[in-house]
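Dear colleague,

Please find below the structure that I am handing over to you. My notes on what was found in it follow directly after.

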Amino acid sequence: MAVSSEKGKGMTANANTQQEIKAYTVIRSRRRTVALQVREDGSVIVRAPDRLSGSVIEAFVSEKQDWIRRQKEICLERSKNRLCVSSEQRRQGMERAGEVIARRTAYFADVMGVDYGRITIREQKTRWGSCSSAGNLNFNWKLILLSPEVLDYVVVHELAHRREMNHSDAFWRIVEQVLPDYRKRRKLLREVYL
Ligand SMILES: [Zn+2]
């Protein structure tokens, strides 16, 4: 089970950007409904049924202007919070992350009375950590760029999966036993975008 980088909360539409959004890509398929998507780079995708007319699609996009605008703002905001690093920072960070995470994992595994397999440090685009059913742990090296309390939360979260391979109440109780303030730490983590 993984700790993912969560979606951001909505922001209010900016009154300065009220011109209509007309640039979008239509992807047609055998689907039955129309769906809108704003990609990470802010581009707009419309998924539409094969035979739906262009004017209906245009009207649909026109009707969803506010929503599109809000999504574009979220993308912009997210790109500001994204962790950007140089290749040298990455090299050093991965090394340090390997040491620190191995130490914290050993410490908390002992506290929690669980075992684990291999620890792999990676650069994943959407995940902070994961735990396989065999007990192998993956951690994102960028955890080392965050505060130690957040890093510890991810370590404890993954180790708690050695007891519960889900996010049930029982799982969160295990996390809470070790980190009574885990909610605060989880909130801090959700504010960072990979
Ligand atoms: Zn999980």
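The C-alpha centres of domain 1 and domain 2 lie 36 Å apart. Domain 1 covers 10-81 and domain 2 covers 87-190, with bounds taken from an automatic or database domain assignment. Please note that this is a predicted model, in which local features need pLDDT of at least 70 and side-chain atom pairs count only at pLDDT 80 or more, while totals for chains, interfaces and linings use all residues. Residues are numbered from 1 along each chain as its sequence is written.

Helices (H or I, at least four residues) and strands (E, at least two) are DSSP runs, numbered from the N terminus. An open sheet of mixed pairing is formed by three strands in the order β2-β4-β3; two strands pair if DSSP finds at least two bridges between them. Because β2 (25-29) and β3 (35-38) each have a single partner strand, they stand at the edges, and one side of each lacks a neighbour in the sheet. The parallel pairing of β2 with β4 (residues 44-49) runs over five bridges, and V26 has V46 in β4 as its bridge partner.

Helix α4 (residues 148-160) and helix α6 (residues 182-190) have axes that come within 9 Å and cross at roughly 105°. Axes are lines fitted to C-alpha atoms, for helices over the stretch in contact, and angles run from 0 to 180 degrees between N-to-C directions. The two helices, α4 and α6, are therefore roughly perpendicular, a term for angles of 65 to 115 degrees.

Yours sincerely

Conventions:
Parallel < 35°, antiparallel > 145°, perpendicular 65-115°, else oblique.
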